[in-house]
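User: I am new to this structure and would like to learn how to read its side-chain features. Please take me through them step by step.

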Amino acid sequence: MNAFVANQSRSYWLFGLIVAVLVVVLDQGSKWWILEQVMQPVPHVIEVTPFFNLVLVWNYGVSFGTFASGGALMPYILSAIAAVIAVCLVFWLRQAERRLIALALGFIIGGAVGNVADRMLHGAVVDFLDFHVGGWHFWAFNVADSGISVGVVLLLIDGLFAGREKS
């Protein structure tokens with residue numbers, strides 16, 4: 001690998017790590033705000049718009065509450081799995097050859113770390129964003145979940161369109 005490619009990969013790695021740290025800070029800051037300021041003294045629903053509420057939901061599982069009834073060890077098991085995945089993604093990030101990949105991996109790593117922090121601090125993930133239409137509510141989620149979702153979409157976009165040469 002020549003020096004230019006090595007320096008470029010290093011800058012993508014640093015960029016991805018900065019994105020991950022920003023996601024964790026925004027995620028944990030927003031959760032602190034919800035828990036300590038917005039939902040005090042008693043958790044309640046705050047209607048922000050006709051289609052968006054702030055709520056407080058404790059997610060003891062993973063996506064959409066899957067594995068929520070796994071017992072007292074489940075937060076630790078889920079955290080360990082997420083931590084191993086995050087470490088693997090950091091190794092992938094070190095090999096990133098495009099800024100979009102670094103951005104995507106940074107979002108996913110930051111989201112995973114944010115939710116692991118919740119499980120370690122609270123035994124569950126704090127969800128508080130509630131979008132709804134016509135009485136149907138999407139599952140409550142948080143900034144970390146958004147980071148993971150955006151990161152996955154960016155990886156899909158990269159996979160579909162990266163490396164295509166104009167004919």
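User: How many aromatic pairs does a search of the whole structure find?

Analyst: The search of the whole structure finds 7 aromatic pairs. Rings of Phe, Tyr and Trp (its six-membered ring) pair if their centres lie within 6.5 Å; planes under 30 degrees apart count as stacked, over 60 as edge-to-face and the rest as tilted. Please note that this is a predicted model, in which local features need pLDDT of at least 70 and side-chain atom pairs count only at pLDDT 80 or more, while totals for chains, interfaces and linings use all residues. Residues are numbered from 1 along each chain as its sequence is written, and side-chain values use heavy atoms, with hydrogens and water left out.

User: Why is the pair of Phe131 and Phe141 stacked?

Analyst: A pair of aromatic rings is described by the distance of the centres and the angle of the planes. The ring centres of Phe131 and Phe141 are 5.9 Å apart and the planes are at 15°, so this pair is stacked. The pair links distant parts of the chain, 10 residues apart: Phe131 belongs to strand 3 (residues 125–133), and Phe141 to the loop between strand 4 (136–137) and helix 4 (143–161). Helices (H or I, at least four residues) and strands (E, at least two) are DSSP runs, numbered from the N terminus.

User: Which kind of pair do Phe138 and Trp139 form?

Analyst: Their ring centres are 5.2 Å apart and their planes are at 75°, so Phe138 and Trp139 form an edge-to-face pair. Phe138 is partly exposed, with a relative accessible area of 35%, and Trp139 counts as partly exposed at 43%. Both residues belong to one aromatic cluster, which is formed by Phe51, Phe52, Phe131, Trp136, Phe138, Trp139 and Phe141.

User: Where does a charge sit over a ring?

Analyst: The criterion is that NZ of Lys or CZ of Arg is within 6 Å of the ring centre and within 35 degrees of the ring normal. The charged end of Arg99 meets it over the ring of Phe15, at 4.7 Å from the centre. Arg94 lies over the face of Trp13, 5.2 Å from the ring centre.

User: How many salt bridges does the search find?

Analyst: The search of the whole structure finds 3 salt bridges; in each, a side-chain nitrogen of Lys or Arg is within 4 Å of a carboxyl oxygen of Asp or Glu. One of them joins Asp27 and Lys31 (2.8 Å, N to O). These two residues lie in helix 1 (residues 3–38), 4 residues apart, about one turn of the helix. Lys31 also forms a salt bridge with Asp118, with the closest N and O atoms 2.7 Å apart. That pair links distant parts of the chain, since Lys31 is in helix 1 and Asp118 in helix 3 (residues 99–122), 87 residues apart. Both Lys31 and Asp118 are buried.

User: Which residues form the salt bridge that involves Arg98?

Analyst: The side chains of Arg98 and Asp158 meet there (2.7 Å, N to O). Arg98 is in the loop between helix 2 (74–94) and helix 3, while Asp158 is in helix 4, 60 residues apart. Arg98 counts as partly exposed at 36% relative accessibility, and Asp158 as buried at 7%. Salt bridges that share partners join Asp27, Lys31 and Asp118 into one network.

Note on methods: Buried < 20%, exposed > 50% of the residue type's maximum accessible area, 1.4 Å probe, protein only.
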